[in-house]
Amino acid sequence: MRLHHLSVTAFGPFAGTVEVDFDELSSAGLFLLTGATGAGKTSVLDAVCFALYGQVPGDRAGAKHLRSDHAAPQVAPEVRLRLSIGERELLFTRSPAWMRPKLRGTGETKVQAHVLVEELRDGSWTVLTNRLDDAGLLVSDLLGMTCAQFNQVALLPQGRFQAFLRATSAERHAVLQQLFRTDRYERIEHWLVERRTRARRASEAAGESVLETVNRLREASGSEVEEEWFADLGTAFENGDLERWVAAGTAAATGQKATSAARSQVADADLLRATTRLEEAQRLRELRARGARAEAAVAEWAARADELEELRSRTLDHHRAAPLTALARSHDAAERAASAARTTWSAWTLPAESLDDALGRARAAHATAVAFTPRETARLEARARADEVRSTLRAVESGVAELELVIADQPAVIAEAAAATDEARAAAARHPLALARVDALETSLGEARRAELLGLELTAARTDVLSATSTAQRAREHYLDLREARINNMAGELAGQLASGCSCPVCGSASHPAPARSQSNGVGRAEEDQARKELEDAEFELQARQVQVASLEGELSGLELRLAGLDRERLADQLASARDEAERLEPLAAALDVLTAHEATCRDRLERARADLASALLERTALQTELAGIAELDEAIATEWESVLAASGSADAETSTMPLAEIIGLRARRVSDLERAATDLQRAQESQHQADQLFEQLGRAAADAGFEDPAAAVASLLAPEDLRQAEDLLAEADLAVHAARATLADPDVLDALEQLPLALPDLEAAVESAAAVARAAASAYSAATARCERLTALASQLGTRLEAWAPLRADHRTVAALAALVEGKSVDNPQRMRLAAYVLAERLRQVVDAANERLAAMSDQRYALEHTDDRGYGEQRGGLSLRVRDDWNGVHRDPATLSGGETFVVSLALALGLADTVAHEAGGTDIDTLFIDEGFGSLDADTLEDVMDTLDRLRDGGRVVGLVSHVPELRSRIATQLEVSKGRSGSTLRAVLSGG
């Protein structure tokens, strides 16, 4: 991955747009990002990280405030980064979420974060995505690293690698886990713990089911178990105690079942014999009772012989007369029908001989009226049409009057509309000029006010320049004084560094006969460095103040040039007047289209009114003509109807004013009445004839049945209830006598009547006693059988549950041991290392190996890092501890005992090793642009030289290294620089190249 160009707008301390051309800075392979404290050096790295991942590294990510506070309210924050990943060239454009002032009214509205990722293909940029989540996945896929890994590999963060060196195992575990994404091993640990919990619960549940079955067996068999079995039933099952206990209980139950079965069989045989004797006695008693009842029945019916003979005679007479019943009822019904028909005919009071003549005349009169119906319908339709025509004629006449009024008034309306249109057209021509004047006056007024404000700012800035100049002069004098004092004491300082047996750095001699003595108030290198740093900071501040004054003077000069010749005091009044004029013309200009359309509408209305008036006059003439024709038709039909009435002879009886429909209805009712009278006469004659015929048939049928007359036959009939009772009594007598005689003829009954009765109570008592004994024996056998079956079923169930429990117990033991091992709680894990820590320990060994390759060069072969599995002081677990080995004296040191410079060197080597290992873990992604943030100020000259040599070697293969620092030595050593300057209106960037 190589960075090419970075553009930052309204981001962090940068109010405007600043750009970084990494291709120019990369020409030397090593460049310095320098500037005063707080100027925004780290913000450049934040912009790179934000462009790629949408977040900034370190604690700054929690603030969620990325937009510059110095930027104008409407300026949108944006970061654009062009880079190459392998053979692909990409452009990332991101903007964080920010609050924008509302375009209308007061208040703010939130603008959501957005992103645009493009790729250069065939000379043009092609959009890959504009979704935040897709952009994040795309970067992770291309680089193979998360944001945290990228920060560790490409942006060695300020103060972060020192913290990693001195971290505890737990803190180092969290960092390494995030970088190497070993959370899958923690998920394995969690899975094993959850699997152990599930296995324990499954084993306990299976054990509970086994215990439940044992308790049921104990209850069913009535035998007790050993108390220790409740604590460990599995052991009792494995050594055979539980199996022997179950077998003993089952055998005892089987013996009890056989004994109960024998006793039940004996009791059942005794009960059968007693029941047989009782049933024989009951049969004899029943046969004797049947014989006695049969003898009594025969005697009873013999005493009622006369009564039964009389009933049989009356029943026979009834059956002879029964066939005449239907004929008699028909004759009675015919007589009643004939009487009713005569009554209905007599109500008409008409002579029978003239009924046909009257019916013929009524039908003829009705036909005449019906034949005239089409003419009457034509007259009614003509009258309805006349009403419609009159209504339409009134509407047409009203429309004619309205159209005549419109034609008379419309010319004045057209003239008024034309005048309003001309006025609006003139306003529309003047309105753009008025708006342009308003814009010009607003710009001039804003520039005038800005010029006034710039004058005040320029005065304050010039005062700040004078103050900064004075501060810089004092800092220079102080630095020169300290430098002179140190030079004077240089011999004593060198003598203080001499060691017995070592060569003098000046003359090379190993003997030091008269070394100089350092002055008690001598100045050391630290004081000189501090003074030089204060001088550089003061000069930076003075330079920033001077740049600010120049910028303000340039901007003020441009404003004064544009405002030359304007009366600044009258600009506000002129702007107000121009706004009034624009506001007055705006509604008139806006109404031009409406007024033009209104004028055209008025003219169209006049033309339409004239055309509509001509059509209405023609329609009125046609309606008047049609109305006259309808009146003539109505008069002709009325004359024809009077002629019809006169010809039918009903002009006097039916008034000529009666509607035709009523006349037709009246004549139809007359015809209907005469037709019903003829029907009633015919029905009366037919009913009387039918009654006479039925009377003759009834007389002949009575004589044939042996009766003197029909009246005698009717008198022999019995009521239905009496007939039923007589027949039931005769049938009952015959059936009873026949059954009694059959019973008395039965040999068993005759034999029973001859024997003596038996004592039934004694036999019944014997049966009850035998039944009680049999029930008790059967109950005992049933209980023994159920007990035996239950024990057998429970024994089988116990075996099944023990077999199911055995693998669960084994699984729980295995999973529990494995979970304790990966959790670091097992005796087999003496270091108490978790699985994830074990994996990270191997990664840490790789990091240490990579770090030692650079640490040896940077520490003059003195220091080396060592990874140890031992637990540190106060730590519960080990595996991720670090020690520093001092090869000059063979001592292993805790990283906390290193000095500030030593800590930086060791931490830098560790960070570079960590970066190489993470890059290798991410798939070998080449990071061609690397940043190292701060920390060089704690190094002495020699160590700084070794560190710079190591950093120079990082440039092998075309890698570009950027150092973030304000250390003066680095500014003098590294010619290619990116200088960040801060000011009241925000920070700026300036590139200083090695050749310029």
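This is a predicted model: local features need pLDDT of at least 70, side-chain atom pairs count only at pLDDT 80 or more; totals for chains, interfaces and linings use all residues.
Strand E8, covering residues 114-121, and strand E9, covering residues 124-129, pair in the antiparallel sense over five bridges.

The hairpin of E8 and E9 has two residues between the strands, and in it aspartate 122 takes a positive phi near 55°.

Let us now widen the view. To which sheet do E8 and E9 belong? They are part of an open sheet of six strands, in the order E2-E1-E4-E5-E8-E9, with antiparallel pairing. Strand E2 (14-21) and E9 stand at the edges with a single partner strand each, so one side of each is left without a neighbour in the sheet. From one strand to the next, the twist averages 20°.

Which helix packs on this sheet and touches E1, E2, E4 and E5? That is H2, which touches strand E1 (2-11), E2, strand E4 (78-85) and strand E5 (88-95), its direction making about 100° with that of E1. Helix H2 spans residues 41-53, 13 residues in total, and reaches 19 Å from its first C-alpha to its last, close to the 18 Å expected at 1.5 Å a residue. Why may H2 be called largely enclosed by the rest of the structure? The reason is that 13 of the 13 residues of H2 are buried, that is, under 20% relative accessible area. Just after H2, glycine 54 takes a positive phi of about 75°.

A further helix, H3 (residues 132-143), lies across E4, E5, E8 and E9, and runs at about 145° to E5.

I turn now to another sheet. Here three strands form an open sheet in the order E11-E12-E13, and the pairing is antiparallel. Strand E11 (863-868) and strand E13 (891-893) stand at the edges; each has a single partner strand, so one side of each is left without a neighbour in the sheet. The twist in this case averages 35° from one strand to the next.

Within this sheet, strand E12 (residues 881-886) pairs with E13 in the antiparallel sense over three bridges. Which residue of E13 is the bridge partner of aspartate 886? The partner is valine 891.

Finally, helix H23, formed by residues 835-858, lies across E11 and E12 and runs at about 175° to E11.

Technical notes:
Residues are numbered from 1 along each chain as its sequence is written. Side-chain values use heavy atoms; hydrogens and water are left out. Two strands pair if DSSP finds at least two bridges between them. Helices (H or I, at least four residues) and strands (E, at least two) are DSSP runs, numbered from the N terminus. Axes are lines fitted to C-alpha atoms, for helices over the stretch in contact, and angles run from 0 to 180 degrees between N-to-C directions. Contact means heavy atoms within 4.5 Å. The expected span of a helix is 1.5 Å times one less than its number of residues. Buried means under 20% relative accessible area, exposed over 50%, partly exposed in between (1.4 Å probe, protein chains only).
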